[in-house]
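Here's a quick tour for anyone meeting this structure for the first time. Have a look at the picture, then read on.

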Amino acid sequence: PGSRKVYQFILDNFRAKKRQGTVPELLAELRRLQIPSDGPAPPVTVLEDSNVENIRRLRIKFESEPGVEIEGKLYVPSSPAGRKQAVLMVADKTSSYWIPTTSSIAERMAKAGRVVLELEPRDSPTGYDNRPFLGDWLTNSRANQIGLNLPAMRAHDILRGVDVLAAREDVDPTAIRATARAVKGVWVLLAAAVDPRIGKIWLDRTPHSVRAALENTINTDIFDAVIPGFALRWDLEDLVKAMGDRTVLWTDPTNWMHRPVALGNAFRYRYNLGDDTDHHDDQDNAYIEELLK
């Protein structure tokens with residue numbers, strides 16, 4: 001009688017220490033975490049080059065910082081000539097009957113005339129690997145123990161990808177978008193909050209709040225989003241506020257168990273039409289079009 005669970009003690013401690021921070025303080029914290037890039041594009045090495053259905057596909061790699069190489073796939077439409085809108089998409093290997101691969105979405109965008117970089121930030125989780133709930137806990141924990149933070153470093157990688165896109169002669173540097181799904185959307189939010197070159201973002205099936213994880217006993221992938229001390233002063237909605245009047249398209253926001261949460265008109269939700277792939281593709285296509293507007 002009177003016993004309590006560990007998460008309840010943690011939640012009480014959080015509520016006692018919580019102090020809401022300001023947006024300027026948040027931006028200062030993102031700079032302290034070294035998320036911004038210095039602007040100049042890193043040298044890019046092309047590993048593979050092919051052309052399929054009028055889309056040039058290049059597998060590339062570049063240094064995000066000295067000694068840290070990351071890879072990505074560039075999808076370049078063959079026409080029309082001139083500068084084009086660009087999209088940075090965080091690669092995600094998870095797919096199912098309901099969820100298309102990020103590569104297929106990148107191809108759709110390229111066929112619509114956009115230059116797309118499907119980027120794999122450092123040590124990106126590769127999807128379900130028969131270890132539910134854990135996520136990439138060990139690498140994230142080790143980074144925090146030496147004063148670094150992997151979510152912040154992955155956000156920096158995203159901005160280095162923006163540098164690569166902005167430096168291309170076929171890209172309009174004032175028309176760059178970004179998108180990610182699930183917990184990787186948090187990395188895009190961190191990057192977009194601190195860098196106005198990302199004019200619009202699409203987050204799909206991304207958890208809506210870090211603080212909400214404290215309300216539950218079990219959470220999935222939380223290690224890939226946690227920045228020590230962040231939740232005491234801010235939440236993901238503060239990153240949205242830091243973006244100012246730039247657009248955030250947030251579809252099917254979830255809790256930390258991958259379940260959509262009804263949160264009102266600020267978010268968008270897919271509707272269920274049964275086992276009909278065409279209808280689900282239509283909804284995804286509508287969101288793609290909205291991102292590209």
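Two strands count as paired if DSSP finds at least two bridges between them. Keep that in mind for this predicted model, where Ala86 has Ile176 in strand 6 as its bridge partner.

**The sheet**
- Strand 4 (residues 84–90) and strand 6 (residues 171–181) run parallel as a pair, joined over five bridges.
- They belong to an open sheet of eight strands with mixed pairing, in the order 1-2-3-5-4-6-7-8.
- At the edges sit strand 1 (44–52) and strand 8 (247–251), each pairing on one side only.
- From one strand to the next, the twist averages 20 degrees.

**Helix 5 and its neighbours**
- Helix 5 lies across several strands, including strand 3 (68–77), strand 5 (115–120) and strand 7 (198–204), and runs at about 125 degrees to strand 2.
- Its axis and that of helix 4 (residues 137–145) come within 9 Å and cross at roughly 95 degrees, so helix 4 is roughly perpendicular to helix 5.
- Where the two helices touch, Thr139, Asn140 and Ala143 of helix 4 meet Leu150, Pro151, Met153 and Arg154 of helix 5.
- That contact is made up of four nonpolar, two polar and one charged residue.

**The second largest pocket**
- The second largest pocket holds about 420 Å³ of space.
- It's lined by 21 residues, and the closest to its centre are Arg32, Leu33, Gln34, Leu148 and Met153.
- Helix 2 (23–32), strand 2 (55–65) and helix 5 (150–166) each give two or more residues to this lining, with helix 5 giving the most, at four.
- The lining splits into seven nonpolar, seven polar and seven charged residues.

Methods. Residues are numbered from 1 along each chain as its sequence is written. This is a predicted model: local features need pLDDT of at least 70, side-chain atom pairs count only at pLDDT 80 or more; totals for chains, interfaces and linings use all residues. Side-chain values use heavy atoms; hydrogens and water are left out. On a 1 Å grid over the protein atoms alone, a cavity is a set of points where a 1.4 Å probe fits but cannot get out, and a pocket is an open set with protein on both sides within 12 Å along at least five of seven lines; lining residues have an atom within 4 Å of a point. Grid points are joined across faces, edges and corners, and a volume is the space filled by probe spheres set on the points. Ala, Val, Leu, Ile, Met, Phe, Trp, Tyr, Cys and Pro count as nonpolar, Asp, Glu, Lys and Arg as charged, and the others, Gly among them, as polar. Axes are lines fitted to C-alpha atoms, for helices over the stretch in contact, and angles run from 0 to 180 degrees between N-to-C directions. Angles under 35 degrees count as roughly parallel, over 145 as roughly antiparallel, 65 to 115 as roughly perpendicular and the rest as oblique. Contact means heavy atoms within 4.5 Å.
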